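Welcome to the tour. Open your viewer, keep the selection tool at hand, and follow the stops in order.

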Amino acid sequence: MKFVVCMENTSLGDFSTDDLTLGRLYEVVGEIDSRGMLRIIDDSGEDYLYPAQLFETIEIRDSMAERLHSLFKT
């Protein structure tokens, strides 16, 4: 499991960032695609693609990642 922190939430062209909160931790679903897009579970609770440049990856222990994943599912 991978987690990122939103570091920027300004709109970029066609991408609305209404469901992103600055400084919030988000769970990543999959890897960055060939267009530089990252699929995350946003504030709406659904997974959407966003430009990866809006986020910074954080390193966390596997045990904490498991606990966070469980928390985000509720």
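Begin by selecting threonine 17, which is in contact with Asn9, Thr10, Ser11, Tyr50 and Leu54, leaving aside its neighbours within four places in sequence; contact means heavy atoms within 4.5 Å. Threonine 17 lies in the loop between β1 and β2. Helices (H or I, at least four residues) and strands (E, at least two) are DSSP runs, numbered from the N terminus. At 5% relative accessibility, threonine 17 counts as buried. Buried means under 20% relative accessible area, exposed over 50%, and partly exposed in between (1.4 Å probe, protein chains only). Now show the backbone of asparagine 9: its oxygen lies 2.4 Å from a polar atom of the threonine 17 side chain.

Before moving on, please note that this is a predicted model, in which local features need pLDDT of at least 70 and side-chain atom pairs count only at pLDDT 80 or more, while totals for chains, interfaces and linings use all residues. Residues are numbered from 1 along each chain as its sequence is written, and side-chain values use heavy atoms, with hydrogens and water left out.

**Next stop: the hairpin**

Select residues 37-41 and 47-51. These are strands β3 and β4, which run antiparallel and are joined by 5 bridges; two strands pair if DSSP finds at least two bridges between them. Isoleucine 41 has aspartate 47 as its bridge partner in β4. Between the strands of this hairpin there are 5 residues, and glycine 45 takes a positive phi near 90°.

Stay in β4 and pick proline 51. At 8% relative accessibility, proline 51 counts as buried. Its contacts, not counting residues up to four places away in sequence, are Leu12, Phe15, Gly36 and Met37. For a sense of distance, draw a line from proline 51 to glycine 23: the two are 28 residues apart in sequence and 16 Å apart in space, C-alpha to C-alpha.

**The nonpolar core**

Which residues make up the largest nonpolar core? Select Val4, Cys6, Leu20, Tyr26, Val28, Leu38, Ile40, Tyr50, Ala52, Leu54 and Phe55, 11 residues in all. β1 (2-6), β2 (25-28) and β3 each supply at least two residues of this core. Such a core is a set of buried Ala, Val, Leu, Ile, Met, Phe, Trp, Tyr and Cys residues joined through side-chain atoms within 4.5 Å. In soluble globular proteins, nonpolar side chains tend to be buried together.

Zoom in on cysteine 6. Not counting residues up to four places away in sequence, cysteine 6 touches Leu20, Thr21, Leu22, Gly23, Arg24, Tyr26, Leu54 and Phe55.

**Charged pairs**

How many salt bridges does a search of the whole structure find? There are 3, each a side-chain nitrogen of Lys or Arg within 4 Å of a carboxyl oxygen of Asp or Glu.

- Select aspartate 43 and arginine 24, whose side chains meet at 2.8 Å, N to O, in a salt bridge. Aspartate 43 lies in the loop between β3 and β4 and arginine 24 in the loop between β1 and β2, so the pair ties together parts that are 19 residues apart in sequence. Aspartate 43 is partly exposed at 34% relative accessibility, and arginine 24 is partly exposed at 33%.
- Go to arginine 35 and aspartate 33, a salt bridge at 3.0 Å, N to O. Arginine 35 is exposed, with a relative accessible area of 60%, whereas aspartate 33 is partly exposed at 25%.
- Finish with arginine 39 and aspartate 47, a salt bridge at 3.1 Å, N to O. Arginine 39 is partly exposed at 29%, and aspartate 47 is partly exposed at 35%.

Now select aspartate 42, in the loop between β3 and β4. Aspartate 42 is buried yet has no salt bridge, and the nearest side chain of opposite charge, arginine 24, is 7.2 Å away. For charge, Lys and Arg count as positive and Asp and Glu as negative; His and the chain ends are not counted. Show serine 44 too: its side chain and that of aspartate 42 are joined by a polar contact of 2.5 Å. A polar contact is a pair of N or O atoms within 3.5 Å; within protein, one must be able to donate a hydrogen and the other to accept it, and residues adjacent in sequence count only if both atoms are side-chain atoms. Aspartate 42 also touches Asp19, Leu20, Arg24, Tyr26, Tyr48 and Tyr50, not counting residues up to four places away in sequence.

**Last stop**

Select isoleucine 60, found in the loop between β5 (55-58) and α1 (62-73). Isoleucine 60 is partly exposed, with a relative accessible area of 25%. Leaving aside its neighbours within four places in sequence, isoleucine 60 is in contact with Phe3, Ala65 and Leu68.
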